[in-house]
Amino acid sequence: MDLHLKGRRALVTGSSSGLGEAIARLLAAEGADVVVHGRNAARAEAVAETIRGDGGAATAAVGDLGTDEGADAVAALAGPVDILVNNAGVYDHMGWDDLTSGDWADIYNVNVIAAARMIRRLVPGMRARGWGRVIQIGGGLASQPMADAPHYNATLAARHNLATSLARELKGTGVTSNVVSPGAILVDHVRELVTRIAPARGWSGEWADLERAASGEWVPNDADRFGRPHEIAGAVAYLCGAYADYVSGATLRVDGGTVRSAF
Ligand SMILES: NC(=O)c1ccc[n+]([C@@H]2O[C@H](COP(=O)([O-])OP(=O)(O)OC[C@H]3O[C@@H](n4cnc5c(N)ncnc54)[C@H](OP(=O)(O)O)[C@@H]3O)[C@@H](O)[C@H]2O)c1
C-alpha cells in the first residue's frame, strides 16, 4: 500500500522519544520528510540521525512548546509543513488531593495550548496550499477518565474537542483534522510510572508480571496487554495518507478495546 507521503513534510512534536519517535520513524519510512522535535537537542538529533541512517529524510527542531517564543522557533525551523502531529505532552500520576491550581494550569499549557500554538502557526500555510493533515494524539482517558491524574484526563478531553472544532473550521480547504486515541502504550515513561505505583497496588515480579497485572486491573482491555508505539504510528500514518482524504473530525481508537462504549 502506498500512502503517497513522498514529498510531504511532517512535523511530529515530541518525537525525541516514545510515541512521537515511532510516528516520526514510520512517516519517514513511508517517504515523508520528517521534522523531529523535542526540548532536548541531543535526543531529537539522535532520532533524526537514526532515521537518516535508515535512508529516510529527517531534521531536528528544538523548542519548548509551553511558550509562544518556543513555538515560534519550532515553526521557523520546521518551515512549511503539510502534516502536523501534535503529540508533545506530559503526564504524571498525581491525585486530586495533591494537585495545585498551578499543576492544572501547567499541564493545560503544555498539553493543550501548545497544540493550539502550532495549529495557529502552521495550519494557515496548509490551508493556502490546499492540502494538509492535523492530528492530535488524544487518549481513552478523555472519555473514560480514572480517579487518578484528573488534570491529565481533562487535557486529553480538550485535545479531542479542539480537533473536532478544527475539522469544522477547515471545511472545504483540503486540510483534515483528526484524533488518534491511544490506550496505555508501553513507552519508557509508562514503564517507569507502572513500576513506581506497583508496590502500592500489590503488583510484583518481572516487567512481564507487572504489565499483566496493570493491563488487567488498571487499564483492562480485550487484548490483555499494553499497546506498542508502532501500533499508534500505524494509525497516524493511515490518517496522514491518501486513503484518509474523506476522514475528518474523527477519532481513531487504538486501545485494544479499553474504552468500552460502542461509539
Ligand atoms: N504512552 C501512553 O500510554 C499514552 C497514551 C495516551 C496518550 N499519550 C500521549 O502521547 C504523547 C506522547 O507521550 P509518550 O507516552 O510518548 O511520552 P514521552 O516519551 O514522555 O514523550 C513526550 C514527548 O513530549 C516532549 N515534550 C514534553 N514537554 C514538552 C514541551 N513543553 N515542549 C516541547 N516538547 C515537550 C518530550 O520531549 P523532551 O523530553 O525532549 O522535551 C517528548 O518527546 C503525550 O502527549 C501523551 O499525552 C500517551
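View 1. The model is predicted: local features need pLDDT of at least 70, side-chain atom pairs count only at pLDDT 80 or more, and totals for chains, interfaces and linings use all residues. Residues are numbered from 1 along each chain as its sequence is written, and side-chain values use heavy atoms, with hydrogens and water left out. Tyr 91 places a polar side-chain atom 2.6 Å from a ligand oxygen atom. For His 189, the distance from a side-chain N or O atom to an oxygen atom of the ligand is 3.3 Å. A polar contact here is a pair of N or O atoms within 3.5 Å. The ligand taken alone exposes 890 Å², of which the protein buries 93% (Shrake-Rupley method, 1.4 Å probe).

**View 2. The shell around the ligand.** The ligand is surrounded by 32 residues, and the closest are Arg 39, Asn 87, Tyr 91, Tyr 152 and Ile 185 (a residue is near if one of its heavy atoms lies within 4 Å). By class, the shell has 13 nonpolar, 15 polar and four charged residues; Ala, Val, Leu, Ile, Met, Phe, Trp, Tyr, Cys and Pro count as nonpolar, Asp, Glu, Lys and Arg as charged, and the others, Gly among them, as polar. Because domain 1 (9-183 + 228-251) and domain 2 (187-226) both give residues to this shell, the ligand lies between them. The domain bounds come from an automatic or database domain assignment.

**View 3. The second largest pocket.** This pocket holds about 170 Å³ of space. It is lined by 14 residues, and those closest to its centre are Leu 170, Gly 172, Val 175, Thr 176 and Ser 248. H5 and strand S6 (175-182) each give two or more residues to the lining; helices (H or I, at least four residues) and strands (E, at least two) are DSSP runs, numbered from the N terminus. The lining divides into five nonpolar, five polar and four charged residues. On a 1 Å grid over the protein atoms alone, a pocket is an open set with protein on both sides within 12 Å along at least five of seven lines, a cavity is a set of points where a 1.4 Å probe fits but cannot get out, and lining residues have an atom within 4 Å of a point. Grid points are joined across faces, edges and corners, and a volume is the space filled by probe spheres set on the points.

**View 4. The largest cavity.** The largest cavity has a volume of about 50 Å³. Its lining includes Thr 13, Asn 87, Gln 136 and Arg 159. Helix H4 (residues 101-129) supplies the largest share of the lining, five residues.

Definitions and conventions
Polar contact = N/O pair within 3.5 Å; in protein donor to acceptor, adjacent residues only side chain to side chain.
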